[in-house]
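Me: Hi! Could you walk me through a few spots in this model? I'd like to go one by one.

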Amino acid sequence: MKIAILFSAGRHAASGRPAPVPVELQAIRLARELIGQAAGDAAGDAAGDLSGDAPGVITGFHAGPDAGPLKDALGHGLSRLVQLSIGAQDDPLPSLAAALGAERFDLVLAGRSGQGGEDAGLLPYALARALGLPIVADACALAAGPQPGTLSLEQALPRGARRRLILRLPALITVHPAAPAPLPFAFAAMRRGMLETREGVPAPRAAGEVEERAYRARPKLIAKSAAGASATERLKAATEAASSGGRLLVDPSPEDAAREILAHLRQIGVLRH
Amino acid sequence: MSRLRRDPRMERAAHRIAGTPRPRFDLAAASAATSAATSAAPGRLRRDPRGEERLALVPGTPRRRLDRTQRVALAPAGAVPAAAMAETAPRLVVIAEPAYLVAVVPDAPGGRLTPHDRQVIGAARLLADAGGGAVLALVEMPGEDLAAAGVDRVLGLPVAGYDPEAKAALLHAVLDGLDIRHALLPESADGADLARRLAALTGEALFAGAESLTAKAITRAAQGRRIEQRRAPPRLITLAADASAPHGGAPHEAIPVVFALPTLAPGAILSAEFVPADPASVGLDEADFVVSAGNGVHDFTAFRALVAALNATPGASRMVCDAGLMPRAAQVGASGTVLDARCYFALGIAGAPQHLQGVARCEHVVAVNTDLHAAMIERAGLAIVADAQKVMPALIDALTGAGAAEAQP
Amino acid sequence: MTPIMNPATPAAFCLSLVILSLAGLALALMARRARLWCAGRPVPVEWARGLRALPKRYLVDVHHVVGRDPYAARMHALAAGGLLGGSGLALLALIPALGGARLYWALIALAFAGALAGGVMVGRRRYPARPARLSGGRFQILPLLLTFYAAGGFLVAFDAALGGALPALAWPALALAIAGGLGLVLQIDRGPMRHAFAGAAHLVVHPRPGRFEGERATALAPLDLDAPRLGVATPADFAFNRLVGFDACIQCGRCETACPAFAAGQPLNPKRLIQDLAAALQPNATNATYKGSPYPNARAVAGIGGPDLPLVGAGAMIHPDTLWSCTTCRACVEECPMMIEHVDAIIDLRRHQTLELGALPAKASPPLMELRYADEPGGRALAARTDFAAGLTLPLILATGRADVLLWLGEGAYELRYGRTLRALVTLLQMAGVDFAVLGPEERDCGDLARRLGDEATFQRLAAENIATLARYSFSRILTADPHALHALRNEYRAFGGAYEVIHHTAFLDGLLAGGRLTVGALHEARVTYHDPCYLGRYNGEIDAPRRLLDRLGLARLEMERAGKRSMCCGGGGGAPVSDIEGERRIPDIRMAQAAATGAGIVAVACPQCSAMLDGVTGERPEVHDIAELVLMAVEAGSAKAARKDAAGKDVAGKDAARKDAARPPEPVA
C-alpha cells in the first residue's frame with residue numbers, strides 16, 4: 001500500500017514559530033501502523049521502531065518555499081519528504097495535485113486543518129476533487145478493510161463517540177487529533193530521512209476581499225435569558241456562568257446533598273434522565 | 001453609520017507638495033486627489049453611537065433600557081417589521097415573498113436541533129432579516145423545533161445513512177437551483193465536513209469557523225489565531241459554536257418547499273456504523289462528564305456503581321492512583337490527564353494545585369468534601385461540605401429510585 | 001652453615017612459589033578481562049597523571065567514601081592491606097636474603113594475621129544473616145576464601161618464623177592457602193576480586209579526573225551530534241574507561257540504599273544496572289549470575305547481551321523503564337566507593353533511546369516537542385514568564401543593556417506556587433537596592449530537562465541560543481533560584497562557550513544579610529529543616545550558604561538524617577516527573593516523611609522542582625517554603641518591629657498607630 005501524507009507549514013500556537021502541525025505527525029503514525037498491519041508485523045513494534053520501513057511506501061508532500069521544521073516529520077517516522085518548491089503566496093493545490101496525480105497512491109492522509117495559514121481545512125477537499133478521490137474527514141484509527149482494496153476507519157465525533165466506516169480505496173482521509181499521539185521525535189531518524197526538493201507549479205493566489213487585523217478574542221456568548229427579560233434576570237445569567245464560586249451547602253443530610261447534586265447535574269445538562 | 005471616517009493625516013499628506021525640503025501644502029490643487037483617495041481608500045467606517053443606542057434599546061418596557069450585548073437586535077431597525085416592534089401579538093412571523101433565501105444546514109442528529117444548530121439558524125435569521133430574506137433549512141429529517149428556532153422554509157434532503165458525499169451533491173443542486181444568498185453550516189464535525197465538500201464542489205470560497213457575524217461583516221481567526229479576517233458575509237459560511245445567539249423572537253412558519261432533487265450514484269463509503277461513546281471506556285481527555293474519587297472515598301465498589309449510574313467516566317486523584325485503588329490512566333491532574341470535560345464531579349478531593357490544573361478547562365465543577373476550606377470547594381459551582389462516603393449511597397439510591405419511578409408509570 | 005641463604009622452611013618456600021604462580025594466573029585473568037575493555041571506544045586518557053595520582057586517589061578519595069561506614073573501612077583496611085601485604089612480602093621472600101630471615105617471616109605472619117582478621121570481619125558481616133544490600137552468590141563465599149588463604153598463609157609464615165617448629169601444621173596450612181588463594185584468583189574474572197584490579201585501573205583512567213582534585217565535576221559531557229551513532233546502544237559504544245568503571249563495582253550496595261527510585265519501588269537499582277552493564281561486556285552474556293537485590297518490581301527482560309548487542313529493551317539486559325526511573329540525583333555516585341559514574345551511563349543510554357530510537361516514555365515526548373518549537377517545555381509563551389510579577393516592577397535588561405545582576409527566572413516562573421517564591425526574591429532584591437534585571441521574553445528554557453531526557457540536540461540548540469542572547473548584554477553575574485538552571489548555566493554551558501559567574505539565590509541572600517543590606521527580625525517558634533536540592537548540594541557542593549542563611553533568620557534548624565551532599569532527592573529531577581515510571585510509593589512522600597520525622601514545622605526548599613514535588617505531598621505534613629519566602633517573612637517581621645520601636649518613642653497618637661500596627665499579625669508563625 002502506498003500512502004502519501006500532506007504536510008502544511010504550521011506555526012506553534014504560543015510561540016508563533018514555524019512548526020509541524022501535530023495532527024499531520026499523528027497521520028504518520030496511523031500510516032505506519034496501517035503498513036505494519038498489512039505486513040503482518042505486530043502493530044506496536046512496527047510503530048515503535050523507527051528504523052525499519054521501506055522508503056517510498058510512505059511519502060510526505062509539502063508545497064511551499066521551504067521545508068523548514070517540516071524536516072522534523074522525518075524524525076517522527078516519515079522516511080521521505082518531498083518539498084514542492086513554490087512561492088510563499090502561491091496556491092499549493094496545483095503543485096500537490098500534479099505531484100500526487102503522477103504517482104498512484106492508495107491513500108492520501110492530511111491534517112484536519114492547517115495551523116498558521118488560512119486554517120480553513122479546505123485544501124484536502126479541493127485536492128480530493130482535483131484528484132477525483134473520495135474524501136472522509138476526522139479519522140482517528142485506520143485498519144485494513146474486510147475486502148482487498150477497502151479500508152476500515154474510525155471517525156472521531158465529538159465527546160468520544162465514533163463512526164466506523166468501510167471505504168473503498170483509493171481515498172483521501174483527514175486525521176483528527178483524537179488519533180494516537182505522534183511517534184516521539186528521533187533526531188537521528190530526522191538526520192537519516194530523505195528530503196527531496198522538486199519544482200512546484202507556480203499558482204499565484206487571487207487577492208481576496210478579506211481584511212486582516214490582529215486577532216482579538218471575543219467573549220464567548222453565554223447562555224442568557226431572552227431579549228425581553230428584566231435586567232435582574234440578565235445580570236443573574238451573566239454573573240452565574242462567569243463566576244466560579246457557586247452554591248455552598250454545609251453539612252446537609254446525604255439525601256439533601258444527593259437531591260441538590262442531581263438537580264444541578266440535570267440543570268447543566270450532563271445527566272439526561 | 002455608513003459615512004467614512006475622516007483621516008486628517010492622510011488628507012494633509014495628500015495636500016503636501018513633494019520634493020521641497022520644508023513641508024509645503026497646496027490646498028487647492030489636491031482637492032481632486034483627496035476626493036479620489038477617500039472614495040478609493042478603505043477607510044474605517046464612522047461609528048454612529050446614536051444608531052447603536054437605538055438598536056440596543058429594549059422595546060416594550062416602560063423605562064428606557066439598553067441591551068448592548070443583544071447582537072440579534074443589531075439588524076437595521078428598518079428591516080424589522082414594524083408590527084413586530086409595537087406588539088408582541090403575532091404568534092407566527094410570515095415572510096410570504098422573500099427577497100432571497102438564506103440556507104441553513106443544521107446537523108440535527110435524529111431530527112433534533114443542537115444548541116449549535118439553533119445558533120446557526122439565529123445567525124441566518126440575522127442575515128435574512130437584513131434584507132427581507134427568508135431562512136431555508138435543509139435537513140435530512142424535518143423536526144418540529146424548526147419553526148421556533150426561526151426557520152421560514154424547510155426542504156428535506158433524502159440521504160440514506162451516512163453519506164456526506166451525496167448530501168453535498170444534493171446541497172450543491174439546491175444552491176444552484178434556488179436563489180440562495182448565503183448558506184450557513186455549523187462548524188461541527190459533520191457540518192464542517194459538509195461545508196468543505198460543498199466549497200470544493202462549487203469552487204467557491206468558504207468562510208470557515210466564523211466567530212462573529214453581522215449583516216455587514218463577518219470575522220474568523222486565521223494563522224493559528226494570530227490574525228482575524230474580516231469581510232462582508234460571503235455565500236458559504238460555517239459558524240463556530242457560541243458565536244451567535246439563537247433566535248429569541250416569535251416563531252416562523254417553517255413551511256416545506258418543493259424542489260426536484262437529482263438522483264445520485266453510490267459513493268465510496270461502503271458501510272457506516274455509529275459507535276456511541278462509552279463513558280466507562282472513553283479516554284479521560286475526551287470524556288464529557290467525569291466523576292472523580294479522592295482520599296475521601298474508601299468504598300470503591302460504591303464509587304464505580306455511582307459512576308455507572310451517572311453514566312460518567314471515572315477519574316481519580318493522584319493519591320488514589322498511587323494507592324492502586326484506581327488505574328493510573330484514571331489520574332486527573334497535571335501529572336495525569338488534563339480534562340476537557342463539561343462537568344467534573346469531585347468526591348472527597350481537596351484539590352491540590354496540580355489536580356486543579358487538570359480540571360482548569362472544565363465548565364462545571366461539583367465538589368463533595370468534608371473540608372470547608374478545601375481548594376476544590378472554592379473552585380466548585382456546587383460545593384457540598386459533607387462526607388463523600390455518605391453522599392455516594394444517597395446518590396445511588398436517588399438515581400435508581402428515579403429510574404424505578406420512571407419505569408412504573 | 002648459612003641459614004641466611006636458605007629459606008626458613010620448605011613449606012614457606014613453597015608458599016612463595018604458590019603465590020608467584022597465583023600472581024601469574026591472576027595477571028593472565030586480568031589481561032583476559034582487560035582485553036574486553038578494548039571493545040570500548042578509545043578516548044584520550046592522561047595515563048601518567050592517573051598513575052601518579054593513583055595512591056592519593058585510592059588512599060584519600062576512595063577511603064573518604066569507604067570511611068563513612070567505619071566497620072567496612074576497618075574491614076577493608078585489614079583484609080586488603082593484609083592480603084596484599086602478606087602476599088607481596090611472601091613473594092619477596094623468594095629473594096634468599098629475605099626468605100631466610102625468621103623475623104621477616106614473622107612480619108609476613110603479622111600481615112596474614114591482619115588479613116585473617118579482615119576475612120573474619122567480612123564473614124561476620126555476611127553470616128548468619130546477609131544484609132539486603134550485599135550480594136550473595138560468589139560474594140557469599142568470599143569470606144571463606146579470604147580466611148582460608150589468610151589462615152593458611154599465616155600458619156606457614158608463623159611456622160617459618162618459629163624456624164619450622166610446627167612441620168605437621170605447615171603442610172596442611174599450605175594446602176589451605178592454595179585452596180583459598182586459587183579461589184580468590186579465580187574470582188578475579190567474574191567474582192568480587194575483580195574490583196581490586198579493575199578498581200585500581202578505574203582510578204587511573206577515571207573519566208572525571210577532576211573529582212579527585214577538589215572539583216565537583218558533575219557537568220555532563222557534550223555529545224557530538226554528527227557522530228554516526230548517537231548515545232550508547234551496546235557496551236562497545238561506551239568509552240573504554242567507562243567499561244573499566246563498571247567492572248570496578250564491588251556490589252557493596254551503598255548506591256541502592258541511597259537511590260530514591262529504588263526506595264520508591266521503581267524498577268531501578270543502580271547496583272544491578274552497573275552489574276548488567278558489566279555482565280553485557282562478556283560475549284554471550286546473561287544476567288543470571290547476579291545475586292544481589294533485583295530491580296524493584298522488575299519488568300521482564302530476556303537478560304542476554306554481548307559487546308555488540310543492544311543493552312536496552314525487553315529482549316536485552318535492561319528494561320527501558322529502568323533508565324527512565326532515574327532522577328539523575330547522583331546519590332549513587334556520591335555513595336560509590338569505587339567512584340563509578342552511574343548517571344553518566346544512564347544519560348548515555350537515554351541519549352541513544354531518545355535521539356536514535358525516539359523511544360521515550362509517552363508523557364516525556366510532548367514537553368520535548370514544545371521545547372523544539374516554543375523553547376519552553378509547557379508550550380507557553382516566553383513573554384508569559386514574567387506574569388508572576390504582576391504588580392511588581394521587573395526591570396528588563398533589554399531596556400538598559402546592562403545590569404549588575406541578571407536574574408534568571410527559570411521554568412518555575414510559570415507555576416503559581418513558585419511564582420510566590422520569585423515574588424519574594426524580587427521584593428527582597430528591591431528592598432536591598434540590588435541593580436538587577438531579567439531577560440523577560442528573551443529567556444529560553446535552560447535545556448536541563450531536554451538534556452536529562454537524552455535530547456542532546458535540543459539542549460545544544462537552547463544552550464547556543466541562550467549563550468547568544470546573554471552575549472548581547474553586560475552583567476557581572478547571573479542570579480537564579482533554580483539549581484537546575486544554575487548547574488546548566490554555570491557548568492554545562494561552559495563546553496559551548498558560555499562562562500558565567502552564576503550564584504544561587506540562597507548564597508546571594510546570605511551575602512545581602514551578611515553585608516547588612518537587609519535586616520531581619522526573628523521568626524518566632526519556627527522549627528525548620530532544610531532539604532538540599534541535588535543540583536545545588538551534590539552537583540555544586542553548596543550546602544553551607546542556605547544553612548547559614550536559615551541560622552541568620554533565627555530559626556531552630558533541624559537536620560534530616562540524609563542532608564547536605566548525602567541528601568535524598570525529591571523525585572523532581574532528570575525528567576522523572578514527566579517520565580512518570582510507576583513504583584510503589586512516590587519519592588516526595590518518602591522525603592516528606594523524613595522531614596516530618598525531624599519534628600520541624602517547615603521544610604525549607606531552594607528549588608522549584610523540590611518545591612513542586614514536596615508541596616504535592618498530601619495529608620498532615622510540615623509546610624513547604626522556599627528560603628526566599630522565609631527571608632522575606634523575617635525582613636517584614638523585622639521592619640514591623642522597627643516600626644513599633646519608632647512608634648513607641650512618639651506621642652499618644654503614635655502609640656495608637658503602633659497598637660494598631662501590632663494588632664495586625666506581623667510575624668508569620670509556622
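Predicted model: local features only at pLDDT ≥ 70, side-chain atom pairs only at ≥ 80, totals over all residues.

Me: Which residues make the contact?
Reply: From α1(C) you have C:Ser16, C:Ile19 and C:Leu20, and from α3(C) there are C:Ser87, C:Ala90 and C:Leu91. Sorted by type, the residues where α1(C) meets α3(C) are four nonpolar, two polar and no charged.

Me: Nice. Switching to the sheet with strands from chains A and B: what is the strand order?
Reply: The sheet is open and has six strands, in the order β13(A)-β15(B)-β14(B)-β13(B)-β11(B)-β12(B), with parallel pairing.

Me: Which strands stand at the edges?
Reply: Those are β13 (247-250) of chain A and β12 (313-316) of chain B. Each has a single partner strand, so one side of each is left without a neighbour in the sheet.

Me: And what does the twist average from one strand to the next?
Reply: The twist averages 15° from one strand to the next.

Me: How many bridges join β13 to β14 in chain B?
Reply: Five bridges join β13 (residues 343-347) and β14 (residues 364-369) of chain B, and the two strands run parallel. Within that pair, B:Tyr344 is opposite B:Val365 of β14(B).

Me: Which strands does helix α7 of chain A touch?
Reply: Helix α7 (residues 254-268) of chain A packs on the sheet, where it touches β13 of chain A plus β11 (289-293), β13, β14 and β15 (382-385) of chain B.

Me: Last topic: where is C:Cys569?
Reply: You'll find C:Cys569 in the loop between β8 (556-558) and α25 (576-579) of chain C.

Me: Does C:Cys569 count as buried or exposed?
Reply: C:Cys569 counts as buried, because its relative accessibility is 3%, and buried means under 20%.

Me: Which residues does C:Cys569 touch, leaving out those up to four places away in sequence?
Reply: On that basis, C:Cys569 touches C:Pro260, C:Thr327, C:Cys329, C:His531, C:Cys534, C:Arg538, C:Ile587 and C:Arg591.

Definitions and conventions
Residues numbered from 1 in each chain as written. Chains lettered and ligands numbered in written order. Heavy atoms only, no water. Contact = heavy atoms within 4.5 Å. Helix = DSSP H or I, 4+ residues; strand = E, 2+ residues; numbered from the N terminus. Nonpolar A, V, L, I, M, F, W, Y, C, P; charged D, E, K, R; others polar. Pairing = 2+ DSSP bridges. Axes fitted to C-alpha atoms, helices over the stretch in contact; angles between N-to-C directions. Buried < 20%, exposed > 50% of the residue type's maximum accessible area, 1.4 Å probe, protein only.
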